[in-house]
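Look at the model below, chain by chain.

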Amino acid sequence: MTFINYASKEINCKIVYYGPGLCGKTTNLQHIYDSTAPQAKGKLISLATETDRTLFFDFMPLELGTVRGFKTRFHLYTVPGQVFYEASRKLILKGVDGVVFVADSQEERMDANIECLYNLEENLRAHGYDLMKIPYVLQLNKRDLPNVIAAGQIVAELQRKGEPVIEAVASSGVGVFDTLKAVAKQVLTELRGAG
Amino acid sequence: MAENPILLREQRFYQIKALLARLRLDAAARLVVLVDKDGQQIAVHGEQGDVDTTSLASLAAGNVAATGGMAKLIGEREFPTLSHEGERESIHISLIGRVLLVVVFDERSSLGLVKLRSKQISHELASTFAEIERESRVLAASNTMPFNEITDDEIDSLFSESQL
């Protein structure tokens, strides 16, 4: 939920990166963290297992700049992708303002993408949100791998409502900021309509 | 928009700060942080030192969400308070409606005192926050929010300024 503080002149919004296990959600955040100026970001918190799989969530606050005298701060979260962390995944969506679905472009992960997208819709609904109404971006990640499906084919399977689709290679940063921009822009545009 | 935004006006913000200051004094606490259940820090008072209160807020909300999930699994609605005791520093968290009151304290205080003072102030915090929610709904419905007139150019310039 967007939080507007008139005293500190800040707008705080929550963006969640969602997607199947090992699709690159944490890698997206890691790249944003590594590429932004120290004054624009807080700590990157990773609640991960000993083998670096997300256990609960990753979190980083990011300040974009000032609009109408208010500092805009985005709180970026990832969810654990593994199926058995379903209960935790659902909790992270509470109060979300925008969602990025990170799809794994590899052929053998298409079923996992479809299942996870269905799971996202279910979990949003459980919190009273509708994917069709919430700011949302589809990222096609791992476009550099040899066994990827054509972008058009993934879009045909996964696009829900004409949302922006960004092709990405999160490990090298390609498309990462374009994705963040696309979702942040929708969140801010929604503020215009909030009244 | 997923939900109506919460709008915290200056007067309410300083009202909350005053309540936190009183709690900090009465509980002999090191630091008091008020956090939205979604993980956003609302106000902070006390010896911050090098404590990253933004991360603390996010982790406290995650902590409460996780224990709330456990509560439901065993047939409880929620666990209204959580305490974590360390060797030198401890944390007490209480759920007050849609906000979390996080108190960091050390050997200058005790868990019993922090619990008691947190409970004593919870009614005032709850009623203040109920007012804030009511005001937010009124403001959102009145079309007087500061971002109603925001332009695409302004949003775009935000991204060019931040060099993303």
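**From a strand pair to the interface**

Start in chain A, where strand 2 (residues 10–18) and strand 5 run parallel, joined by eight bridges. This is a predicted model. Within the pair, A:Val16 stands opposite A:Tyr77 of strand 5. Strand 5 of chain A spans residues 70–78 and is mostly covered. Seven of its nine residues are buried.

Strand 5 of chain A has another partner. Nine bridges tie it to strand 4 (residues 54–67) of chain A, this time antiparallel. One of the pairings sets A:Thr66 against A:Lys71 in strand 5. Strands 4 and 5 of chain A form a hairpin with two residues between the strands. There, A:Arg68 takes a positive phi near 50°.

Go back to A:Val16. What does A:Val16 contact, leaving aside neighbours within four places in sequence? The list is A:Tyr77, A:Val79, A:Ile92, A:Leu93, A:Val96 and A:Val99.

Now the interface. In chain A, 45 residues are in contact with 39 residues of chain B. On the side of chain A that touches chain B, the elements giving two or more residues are strand 1 (3–5), strand 2, strand 4, strand 5, helix 2 (86–92) and helix 5. Which element of chain A gives the largest share of that side? Helix 5 of chain A does, with ten residues. By class, this side of chain A has 24 nonpolar, twelve polar and nine charged residues.

Strand 1 of chain A and strand 1 (residues 6–8) of chain B run in the parallel sense, over three bridges. In this pairing, A:Asn5 has B:Leu8 as its bridge partner.

Finish with chain B. Its secondary structure comes to four helices and six strands. From the N terminus on, the order is β-α-β-β-α-β-β-β-α-α. Along the principal axes, the C-alpha atoms of chain B fill a box of roughly 55 × 35 × 35 Å. Chain B has 164 residues, of which 38% count as buried. Among contacts in chain B with a separation of 6 or more, 54% link residues 24 or more positions apart.

Technical notes: Residues are numbered from 1 along each chain as its sequence is written. Chains are lettered from A and ligands numbered from 1 in the order in which they are written. This is a predicted model: local features need pLDDT of at least 70, side-chain atom pairs count only at pLDDT 80 or more; totals for chains, interfaces and linings use all residues. Two residues are in contact if their C-beta atoms, placed from the backbone, lie within 7 Å. A residue is buried if 20 or more other C-beta atoms lie within 10 Å of its own, exposed if 12 or fewer, and partly exposed in between; C-beta atoms are placed from the backbone. Two strands pair if DSSP finds at least two bridges between them. Ala, Val, Leu, Ile, Met, Phe, Trp, Tyr, Cys and Pro count as nonpolar, Asp, Glu, Lys and Arg as charged, and the others, Gly among them, as polar.
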